[in-house]
Amino acid sequence: IAAELLALQWGIWWLWWRLPQRQVARLAISIRDPKARADAENNFRKTVGQALGGAAVLIGVGIAYLQFMRQQQATHDLLISNQVSKGFEQLAADKVPMRLGGIYALEGVMNRSQRYYQPVLEALCAFVRDSTMGRDRAVSPKLATDIQAALTVIGRRAQGSGQVDLDGAIIPNAQLSFAHLQEANLYGTDL
């Protein structure tokens, strides 16, 4: 970095001091008055200074833009991370409306974040499996609202994207007519 800074300083010095002298030396035949040559050299330095100043402003704007975009990405990542955390919290709640809110919040994350897509999908599958395993079909033949909602979200995902594992889930009477479950692991699933 020291060598690059030194090269940059040398380049600025050359543009600021040596280039105007060289340009005015070429004009020595047409500008004979030493004061006029000094004024031309000075004007040339002003022009170079304005160009260097403009370049510095443009570089500063570029750096500020990159920092802004980096900050925007960090803010977006934090927002998604908080939404995932809140969704998982709601998914573990005792009340069905809270769990429904968590399921649909997690669906929003799946639709907006490639990074969290598969972990959220796996969590929803685990929720369905854990909520239905050991379930007695004779006691409650109707599927719980939150489980059906999780299955709907799983089924609505983009066709063929993400690994669905519902192995061992007991989901009779589930509404899966439009679900994309072509490559899903349904081995041992009681439909």
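**Salt bridges and a nonpolar patch**

Five salt bridges are found when the whole structure is searched; a salt bridge is a side-chain nitrogen of Lys or Arg within 4 Å of a carboxyl oxygen of Asp or Glu. Side chains of opposite charge can pair when their charged atoms come close. The model is predicted: local features need pLDDT of at least 70, side-chain atom pairs count only at pLDDT 80 or more, and totals for chains, interfaces and linings use all residues. Residues are numbered from 1 along each chain as its sequence is written, and side-chain values use heavy atoms, with hydrogens and water left out.

Select D39 and K35, whose side chains form a salt bridge with an N to O distance of 3.4 Å. Both residues belong to helix α2 (residues 34-91), where four residues, about one turn of the helix, separate them. Helices are DSSP runs of H or I with at least four residues, numbered from the N terminus. K35 counts as exposed because its relative accessibility is 56%, while D39, at 37%, counts as partly exposed. Here buried means under 20% relative accessible area, exposed over 50%, and partly exposed in between, with a 1.4 Å probe and protein chains only.

**Second stop: between two helices**

Next, select R156 and E107, which meet through their side chains in a salt bridge of 2.8 Å, N to O. R156 is part of helix α5 (residues 145-156) and E107 of helix α3 (residues 96-112), so this pair ties together parts that are 49 residues apart in sequence. Is E107 buried or exposed? E107 is buried, since its relative accessible area is 13%; R156, at 47% relative accessibility, counts as partly exposed.

Move on to R129 and D165, where the salt bridge spans 4.0 Å from N to O. This pair links distant parts of the chain, with R129 in helix α4 (residues 114-132) and D165 in the segment after α5, 36 residues apart. R129 counts as buried at 18% relative accessibility, whereas D165 is partly exposed at 30%.

**Last stop: the nonpolar patch**

Finally, select I1, L5, L8, W10, I12, W13, W16 and W17, which make a nonpolar surface patch of about 910 Å². Such a patch joins nonpolar side chains (Val, Leu, Ile, Met, Phe, Trp, Tyr) within 5 Å, using residues with over 30% relative accessible area and no salt bridge. Accessible areas come from the Shrake-Rupley method with a 1.4 Å probe, and for residues only the protein chains shown count as cover. Within this selection, W16 lies in helix α1 (residues 2-26) and counts as partly exposed, at 37% relative accessibility.

Note on methods. Patches are made of residues with over 30% relative accessible area and no salt bridge: like charges are joined within 9 Å, nonpolar side chains (Val, Leu, Ile, Met, Phe, Trp, Tyr) within 5 Å.
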